[in-house]
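Subject: the structure I promised you

Hi,

Here is the structure I said I would send over.

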Amino acid sequence: MASNVGLRAVDKTFADGTRALDGVDLDVPGGQLFTVLGPSGCGKSTALAIIAGLDQPTSGHVEIDGRDVTNLPAHRRQVNTVFQSYALFEHMNVADNIGFGLRMRGVKKPEIRRAVEDMAGFLRIRALLRSRIGQLSGGERQRVALARALVNAPRVLLLDEPLSALDAELRTALADELADVQRALGITLVFVTHDQAEAMKLGDRMAVMQTGRIVQTDTPRGIYEKPATAWLARFMGLGNLWPIRGYGADGRVYLDFTTLFGLEAEGDYVLVRPEMIALTTAPPRGPNDVTADIVQAVFAGPSIDYRLHCNGQRMRVLAPNDGRMIHAPGTCVTARIPVERAALINA
Amino acid sequence: MRERRPVRCAILLLSPGVVWILFALVLPSVFLIAFAFATVGPYGLPHWPPSVSAIKRLAGFGMLGWSPDNLIILGRSAVEAGLATLAVIGIAYPVAGFVGLCSSRWRLPLVFLLIAPSWTNQVVRAIAWMNLLAPHTPLSTLASSLGFISQSVGLVPSRFAVFVGLVYNFLPFMVLPLIVAFGRVDRAQIRAARDLYAGPIRVFSHAVWPQTRSGVLIGTILVAIPAFGMYTVPRLLGGGQSMMIGEFIAAQFAGGADWPLGAAAALSLMALTMIGVAILRRLAVESADDLRVLL
Ligand SMILES: Nc1ncnc2c1ncn2[C@@H]1O[C@H](COP(=O)(O)OP(=O)(O)OP(=O)(O)O)[C@@H](O)[C@H]1O
Ligand SMILES: [Mg+2]
């Protein structure tokens, strides 16, 4: 049922000279939920269009199940897309929209009706089948678009930011539902988003794109723990990224505001996650303890989000809200930097 | 005192429009209807008492019994206008499709080229066609060598010349709404159709045509109705053998004047037009098009 998808050195330059993809290599394993994350305009939609066969790569190959399908037209690929704008047919009702793909493939009418009703039941939009597209809410449209793609039993389902037009609550609910659908049907699902949290939460694996290139492909945990570049660390909003100014004897690393001891590898930046730094009012003891001033303390429910200054360097610390003390702005505290869990990042 | 202000303000704002509608639309229509039911007096002017004699004469009941001549003119006008509209759609649709789907850099120059000819007066353009279709011109020679006409006649005056003149005259009125319609086509729907296994023909019929149909309807209103009552083109290119209703009406108010007959003909033109609009409106409402705003 599920197919794996590969892009091999895919370039895409549009007629106006815009280079949307630049040597993209991608491997999407079959039966997984794969997320593609990247800022607006980085080429995510273009990559999906090339997988679906709606756009031709300027050079490179598309593979489905190891077979080169670069020259196979869209209507001969078992790939379906949920478009960024949904692209529902406004002049048809919901049932005709959902049944469109089956109708185009020459499936008999009663069979189409049954398939459409089953799919509508599965996605809980049965009551909408006779409605016009113009009457639907954003969430309903999203379900119709999903049903229209899923009813064709594709081997690969491509979703282009399907949740970005929805409010936060609906978004989380539908994201969970999508993950359930993917597990229930066992299909390969490529999910494009520009929301970091969504990409990490949903993806079995994820790829991050920047201006037409894939920066890193890994599990969400792998990307979270060891982002490949400083840009990626910043884009993921991962926390404290401090430039390294030099190395000394016995594992010393010189930063702008302090010297860290015991860092193993080499890199251009050291990345320390805000939730891993501990704050105490006790004086510094270990070699990697620094004193810092609290500039701001934001109460965020389960955690307290601190902004600190430490010898002119900004630092962010996310402390669990254990119901005890909240350090007030202006207090001087000790920050314990966990070098054993810090990552070294190249520019 | 206070609450009356907005009312007075609204009356003031609306009055120019109301006055305009009253004098340019309501009053002439009242006159037209009155004339159509008057009796014809000396010099062809309308006279009382009211009668249906003009209507009867329009339908062909004269002193010499019944003749279908007037009805033939009416029917011919409808057929000419209908054929010309179909031809205009056939030419304008692909042209507009090409221009509308063109990149925006080329669209403006192309639109300019398409509408530039219509800045010349339509009389001048009809005369230009007279010259183009005259005997011994390349087009006439081609037509006679293919055996459509005999050597010395030329393509003008003829019903064909009227047809060509109408198509040429009304092309911009179809092309422009269609370019707008094509420019607003949601390309994502085209991609969706392709993604859902539609080949080129069905991409057109399911994703392109439904999005451009309202442009065709608007264009049809802008072309068919004026073509129906067109005066200059049949007058100049038809040579009197294939009179259309516009010419007929004009003749009743000039030359052999008969105002009540002219008014009756104008009234029937209006009635047929309204029937046409009602049919188009039905089509638009059925397809839930944005055209409903207009009709
Ligand atoms: N048909 C086209 N012609 C020319 N340039 C295009 C075309 N389609 C996309 N582009 C350009 O290619 C680049 C990538 O576009 P793409 O739509 O793939 O981005 P995206 O990552 O999906 O962005 P978003 O998150 O905003 O949807 C952009 O710079 C865009 O302007
Ligand atoms: Mg996009």
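Predicted model: local features only at pLDDT ≥ 70, side-chain atom pairs only at ≥ 80, totals over all residues.

**Chain A overall**

Chain A has eight helices and 20 strands. Its C-alpha trace spans about 80 × 45 × 35 Å along the principal axes. Of the 347 residues in chain A, 51% are buried. If you take the contacts in chain A with a separation of 6 or more, 65% of them are between residues 24 or more positions apart.

**Around ligand 1**

There are 13 residues around ligand 1, and those that come nearest are S40(A), G41(A), K44(A), S45(A) and T46(A). Helix 1 of chain A gives the most to this shell, with three residues.

Some polar distances to check on your screen:

- S45(A) has a polar side-chain atom 2.6 Å from an oxygen atom of ligand 1.
- G43(A) has a polar backbone atom 3.0 Å from an oxygen atom of the ligand.
- C42(A) places a backbone N or O atom 3.2 Å from an oxygen atom of ligand 1.

As for cover, ligand 1 has 640 Å² of accessible area on its own, and the protein covers 64% of it.

Is T46(A) buried or exposed? With a relative accessible area of 11%, T46(A) is buried, since the cut-off for that is under 20%. Beyond its neighbours within four places in sequence, T46(A) is in contact with K12(A), F14(A), A20(A) and L21(A).

**A five-stranded sheet**

Next, chain A has an open sheet of five strands in the order 13-12-11-14-20, with antiparallel pairing. Which strands stand at the edges? They are strand 13 (259–261) and strand 20 (343–345) of chain A; each has a single partner strand, so one side of each is left without a neighbour in the sheet. From one strand to the next, the twist averages 40°.

Here is how some of the pairs line up. Strand 11 (residues 240–247) of chain A pairs with strand 12 (residues 252–255) of chain A in the antiparallel sense, over three bridges. There, Y247(A) has V253(A) of strand 12 as its bridge partner. Strand 11 of chain A also pairs with strand 14 of chain A, again antiparallel, over four bridges. In this pair, W242(A) has V270(A) of strand 14 as its bridge partner. Strand 14 of chain A in turn pairs with strand 20 of chain A in the antiparallel sense, over three bridges, and V270(A) stands opposite L344(A) of strand 20.

Strand 14 (residues 269–272) of chain A is covered on both faces. In a regular strand, side chains alternate between the two faces of the sheet. In strand 14, Y269(A) and L271(A) are on one side, V270(A) and V272(A) are on the other, and all of them are buried.

Q189(B) has its place in helix 8 (residues 187–195) of chain B. Q189(B) is buried, at a relative accessible area of 3%. Not counting residues up to four places away in sequence, Q189(B) touches A87(A), L88(A), F89(A), E90(A) and H91(A), along with A207(B) and Q211(B). There is a polar pairing as well: a polar atom of the Q189(B) side chain lies 3.4 Å from the backbone oxygen of L88(A).

At 6% relative accessibility, M104(A) counts as buried. Which residues does M104(A) contact, leaving aside its neighbours within four places in sequence? They are L196(B), Y197(B), A198(B), R202(B) and H206(B). Within its own chain, M104(A) is 29 residues along from H75(A), and their C-alpha atoms are separated by 9.4 Å.

That is what I have for now.

Cheers

Terms used:
Residues numbered from 1 in each chain as written. Chains lettered and ligands numbered in written order. Heavy atoms only, no water. Buried < 20%, exposed > 50% of the residue type's maximum accessible area, 1.4 Å probe, protein only. Contact = heavy atoms within 4.5 Å. Pairing = 2+ DSSP bridges. Helix = DSSP H or I, 4+ residues; strand = E, 2+ residues; numbered from the N terminus. Axes fitted to C-alpha atoms, helices over the stretch in contact; angles between N-to-C directions. Near = heavy atom within 4 Å. Polar contact = N/O pair within 3.5 Å; in protein donor to acceptor, adjacent residues only side chain to side chain. Areas by Shrake-Rupley, 256 points an atom, 1.4 Å probe, with all protein chains shown as cover.
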